[in-house]
Amino acid sequence: MSAEAIFQPLRFRNLEIKNRVLRSNVAGRLDDYDGGGTQTRINWELKFARGGVGAIVSSWTAVDERGKIVPGFAGIERDERIPFWRELGERVHEHDCKFIVQLAHAGRQRDVPTVTFAKGLSSTDKPDPLHGFEAERATTADLEEIKRSFASAARRAREAGLDGVEIHGANGYIFTQFLSSAINDRQDSYGGTLENRARFLLETVRAVRGAVGHDFHVQVKISTTEHADAFLPWLGKGNTIDDSVQVCRWLEEAGADAIHVSSGSTFPHPENPAGEFSLEDMVRTYDVMLSSGVHTFRNYLMFRLWPANQVMKRRWERDPAEVPGRCLPDSEAVKRAVAIPVIVTGGFQQASLIAGAIERGACDAVSIARGLVANNDLVELFRQGHDLPPRPCTYCNKCLYNVLEHPIGCYDESRFASREEMIEQVMSVYTPAA
Ligand SMILES: Cc1cc2nc3c(=O)[nH]c(=O)nc-3n(C[C@H](O)[C@H](O)[C@H](O)COP(=O)(O)O)c2cc1C
Ligand code: SF4
């Protein structure tokens, strides 16, 4: 099959990108402790702009202080941040690549407690079931403030000359906590029916639209199937694709310009990013999270004690052969329901899989995270005629397990001639120096 479909420009209502591959969000602790952006982040993003993607969707970017997931991610929570984002956008634009910033709020799902030490605001007062980070049920006044934070952050993105914003409604963060039938236990107008559970996200989309006007790109990332019981079987299933198709219709009506299809009620989740579960890497980098929630002893045993850890590994693990295009059935269902473009994430690094999905109308574009971490120039390789890159991503997930402690990069030694070559690739994000 020809890869031609990949190289067709994609026209959104307010934005055009040169091809059908977006760099999906890839977080890394590249920035200052307080959320100030750095040259290191610019170096990181330029790797992908040079490699030929049509657009970069940034990593998790906090809209306010209490909503932060971890220190050391660039934020867009105050006006002083605008010059950094402007510089980053301009540098990315030099490569004919667009830049969309992902606006996010952790709710109760953090990676590391931030300096505020406050509980995460959420739809519930129950801690997150995996790491046990504690939650405080948000009041209506809290929700109004969070909506204002998203709107102000989007306004800053526009003032910085960026090409659009993505509201992070996926992967267990604050909007999943409201949308999810497995998490949201409210009795007020933000809980109960699907319409009520979707209210907070829809109001936020309208607030963002109000702040940026009708001629600026606004997309929403959403976990269309939650599989909330995939890892911890005592939880409910959460939202199904049928629930999410309805939410996507409402998002389109509320003013979204595109839907970014993801999956999973948490992050990480067995479905996203699907692949291996390396106990060795996990145990080595889990320290702060382990002791920050209320499930410390349980999780210590769950991940260290044989045979409990083997059971967990089996529940988590996906054979690499099962990873490619895992969300395509969902994106196909969303595409049938909405007229706006649909981007889908999860297991793309093969040109024929991507081109085939676009040609049969299962999606309009794909977003790629690990495939591009492994091969920053993947799109260029497709252009040269490769169906798969010579050294593909193995979906070992070692980049994910290392991300809290070490610089973001590919950590699968088997893909490199030597350990030294792997480390050189990881450390290259610091060049040029600040
Ligand atoms: C190290 C790492 C960091 C990630 N950070 C984010 C993030 O900040 N925001 C987000 O929405 N998704 C994040 N993701 C999920 C990816 O964007 C992507 O949706 C997922 O990995 C599946 O795509 P892939 O198979 O191409 O990796 C991250 C994934 C990885 C592996
Ligand atoms: S460490 Fe490398 S090979 Fe493994 S999943 Fe991450 S990018 Fe892919």
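This note walks through some features of the structure above, point by point.

1. Before you start, keep in mind that this is a predicted model. Everything below describes that model, so please read each point with the structure open beside you.

2. Let's begin with the barrel. Eight strands form a closed barrel in the order β3-β4-β5-β8-β9-β10-β11-β12, and their pairing is parallel. On average, neighbouring strands of this sheet are turned by 30 degrees against each other, with direction ignored. Helix α3, residues 140–159, packs on the sheet and touches β5 and β8. The direction of α3 makes about 165 degrees with that of β5. As background, the strands of a sheet pair through backbone hydrogen bonds, in either a parallel or an antiparallel way.

3. Now look at β9, which spans residues 217–225. Is this strand enclosed or open? Nine of the nine residues of β9 are buried, so the strand is largely enclosed by the rest of the structure.

4. Which strands pair with β9? One of them is β8, residues 164–169, which pairs with β9 in the parallel sense over six bridges. Valine 165, for example, has valine 218 in β9 as its bridge partner. Strand β10 also pairs with β9 in the parallel sense, over six bridges. Two pairs to find here are glutamine 219 with alanine 258 of β10, and lysine 221 with histidine 260 of β10.

5. Next, follow the chain from β9 to β10. The path goes through α6, and this β-α-β crossover is right-handed. Helix α6 covers residues 241–254, while β10 covers 258–263.

6. Histidine 227 is not a glycine, yet it has a positive phi of about 45 degrees. You will find histidine 227 in the loop between β9 and α6. Aspartate 96 is not a glycine either, and its phi is positive too, at about 55 degrees. Aspartate 96 sits in the loop between α2 (82–93) and β5 (98–104).

7. Are these two residues buried or exposed? Histidine 227 has 21 other C-beta atoms within 10 Å, and because the cut-off for a buried residue is 20 or more, histidine 227 counts as buried. Aspartate 96 has 11 other C-beta atoms within 10 Å, and because 12 or fewer means exposed, aspartate 96 counts as exposed.

8. Please also check two peptide bonds. The bond from asparagine 272 to proline 273 is cis, with omega near 0 degrees. Proline 273 belongs to the loop between β10 and α7 (279–285). A cis bond also joins threonine 431 and proline 432, where omega is about 0 degrees. Proline 432 is in the segment after α16, a helix of residues 419–427.

9. Which residues come nearest to ligand 1? There are 25 residues around ligand 1, and Asn25, Ala27, Trp60, Pro273 and Ala369 come nearest. The elements that give two or more residues to this shell are β4 (55–62), α13 and α15. By class, the shell divides into 11 nonpolar, 12 polar and two charged residues.

10. Ligand 2 has a shell of 14 residues, and the closest are Cys393, Cys396, Cys399, Cys410 and Asp412. Two elements give two or more residues to this shell, α13 (370–374) and α15 (398–402). Helix α13 gives the most, with three residues. By class, the shell around ligand 2 has eight nonpolar, two polar and four charged residues.

11. Finally, take glutamine 425, which is located in helix α16. Leaving aside neighbours within four places in sequence, glutamine 425 is in contact with Gly409 and Cys410. The C-alpha atoms of glutamine 425 and cysteine 410 are separated by 7.7 Å, and the two residues are 15 residues apart along the chain. Cysteine 410 is also among the residues closest to ligand 2. Glutamine 425 itself is partly exposed, with 17 other C-beta atoms within 10 Å.

Key:
Residues numbered from 1 in each chain as written. Chains lettered and ligands numbered in written order. Predicted model: local features only at pLDDT ≥ 70, side-chain atom pairs only at ≥ 80, totals over all residues. Helix = DSSP H or I, 4+ residues; strand = E, 2+ residues; numbered from the N terminus. Near = placed C-beta within 6 Å. Nonpolar A, V, L, I, M, F, W, Y, C, P; charged D, E, K, R; others polar. Pairing = 2+ DSSP bridges. Right-handed = clockwise from strand over helix to strand, strands pointing away. Axes fitted to C-alpha atoms, helices over the stretch in contact; angles between N-to-C directions. Contact = placed C-beta atoms within 7 Å.
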